[in-house]
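I opened the notebook to record what I looked up in this structure, entry by entry. The sequence and coordinates come first, and my notes follow.

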Amino acid sequence: MGEASQADVVLSGYGPVGRAFVAHLARQGDELARRHGVRPRVRAVRASSGQCLLGGGEPVPPRSEWGPPASLGETLDRTGARVFVQAVPSSPELRQQAADEAVEALSRGVHVVTATKSHVLGHWRELAEAARAGGAMIRISGATGAALPAADLSRTALRGMGCETIRACPNGTVTFVLDRLAQGDSLGDAVREAQRRGIAETDPSADLSGADAATKVRLLAALAWGWDPTAVRVRAQPVIEDTAGRALAVMSRGRRLRAVAGASLDRPHLVEVRLEETEPGDPLHALDGPEKAVVFGCPDAGDVVVSGGRSSPLGAALALVKDTIEVTAPRVGFF
């Protein structure tokens, strides 16, 4: 493929996903360069309490050795970064800052790769306008299903395929919980087991309410059909204590209960999350534990299904790596 180019990165957020991102690039940098013709290199790591600058190649120092946080603009200028990677939590407290920083990076012509959902959902048009103005790209694979490449299908791979519906189980936590309920667990026990295994967050309310699944399908619909996700209405059926009895009854009939998030072109700007009985042969029925899947309904081409993908900090980090390569690797020939 020839000599690899350098792709310097500024990383925002150094929790489990950010650390996994840095660690993977350190371990696999040479292989990424060989396979894809680009070597992503973290030049700065930012958090709310400080930041550190890296010459390239050395490990991230302990936080006690970080300096005070500089402005993002100053950090981008000092590092010459081509990519701004966001791995900060999708929390209301951080949403505006995440949006402002993404807009600033895009306006400067710096590509943005993010696993953070909240600001993408709430500032879609603003981010798109900043990207156009700066001639930059924004990629959101990590925000739509961790290692599941559903965003890539929605954004480009289904162009011209006549996709009319999206039907998905994009939240691994709730799928795992429903399967535990079908085995006789109480809701509390199922959630605690998901947390023990690192599948569920400390606060799983967005998973159980259907909000997280709805957010991911809103973003997929925005990529596939150009919907503004801020204008999309949501109707969601939550998983509650009484769901346990239904999960057991469904299992007794040889079926599985799934929290299915759906959108359709014939019902514009609406995403529904419903508890559905799924039968053998349905890709959503086949999910095991925290696996995820999306079924893109294309009447002429046939359904296109993507499933699997690790629901973990590493899975989200790998999505960030993939998107970083996608916006910086040379594009010639088959590549």
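Is Asp-179 buried or exposed? I looked up its accessibility and found that Asp-179 is buried, with a relative accessible area of 12%, where buried means under 20% relative accessible area, exposed over 50%, and partly exposed in between, using a 1.4 Å probe and protein chains only.

Before going further I noted that this is a predicted model, in which local features need pLDDT of at least 70 and side-chain atom pairs count only at pLDDT 80 or more, while totals for chains, interfaces and linings use all residues. Residues are numbered from 1 along each chain as its sequence is written, and side-chain values use heavy atoms, with hydrogens and water left out.

**Entry: Asp-179.** I placed Asp-179 in helix H7, residues 172–182; helices (H or I, at least four residues) and strands (E, at least two) are DSSP runs, numbered from the N terminus. With neighbours within four places in sequence set aside, Asp-179 is in contact (heavy atoms within 4.5 Å) with Arg-256, Arg-258, Leu-287 and Gly-289.

**Entry: nonpolar cores.** I then looked up the cores, each being a set of buried Ala, Val, Leu, Ile, Met, Phe, Trp, Tyr and Cys residues joined through side-chain atoms within 4.5 Å. The largest has 40 residues, and those with the most contacts inside it are Ile-166, Leu-178, Leu-181, Val-239, Val-294 and Phe-296. Helix H10, residues 211–225, gives the most to this core, with six residues. A second, separate core has 31 residues, among them Val-38, Ala-317, Leu-320 and Ala-329. I set beside this the general remark that in soluble globular proteins nonpolar side chains tend to be buried together.

**Entry: Ile-166 and Leu-320.** Not counting residues up to four places away in sequence, Ile-166 touches a list of residues including Val-217, Leu-220, Ala-221, Val-294 and Phe-296. Leu-320 lies in helix H12, residues 313–328, and is buried, with a relative accessible area of 0%. Apart from its neighbours within four places in sequence, Leu-320 is in contact with Val-17, Phe-21, Val-85, Gln-86, Ala-87, Val-113, Thr-114 and Ala-115.

**Entry: H6 and H10.** I found that the axes of H6 and H10 come within 7 Å and cross at roughly 20 degrees; axes are lines fitted to C-alpha atoms, for helices over the stretch in contact, and angles run from 0 to 180 degrees between N-to-C directions. The two helices are therefore roughly parallel to each other, a label for angles under 35 degrees. On the H6 side Ala-150, Ala-151, Ser-154 and Arg-155 meet Leu-220, Leu-223 and Ala-224 in H10.

**Entry: H3 and H5.** The axes of H3 (residues 92–107) and H5 (residues 124–134) also come within 7 Å, crossing at roughly 20 degrees, and H3 and H5 are therefore roughly parallel to each other. In this pair Ala-99, Ala-102, Val-103, Leu-106 and Ser-107 of H3 meet Glu-126, Leu-127, Ala-130, Ala-131 and Gly-134 of H5.

**Entry: positive phi.** Which phi value does Ala-146 have? Phi of Ala-146 is positive, about 50 degrees, although the residue is not a glycine. Ala-146 sits in the loop between strand S6 (138–139) and helix H6 (150–157), and is buried at 13% relative accessible area. His-269, in strand S10 (residues 267–278), has a positive phi near 60 degrees, and at 28% relative accessibility counts as partly exposed.

Technical notes. Angles under 35 degrees count as roughly parallel, over 145 as roughly antiparallel, 65 to 115 as roughly perpendicular and the rest as oblique.
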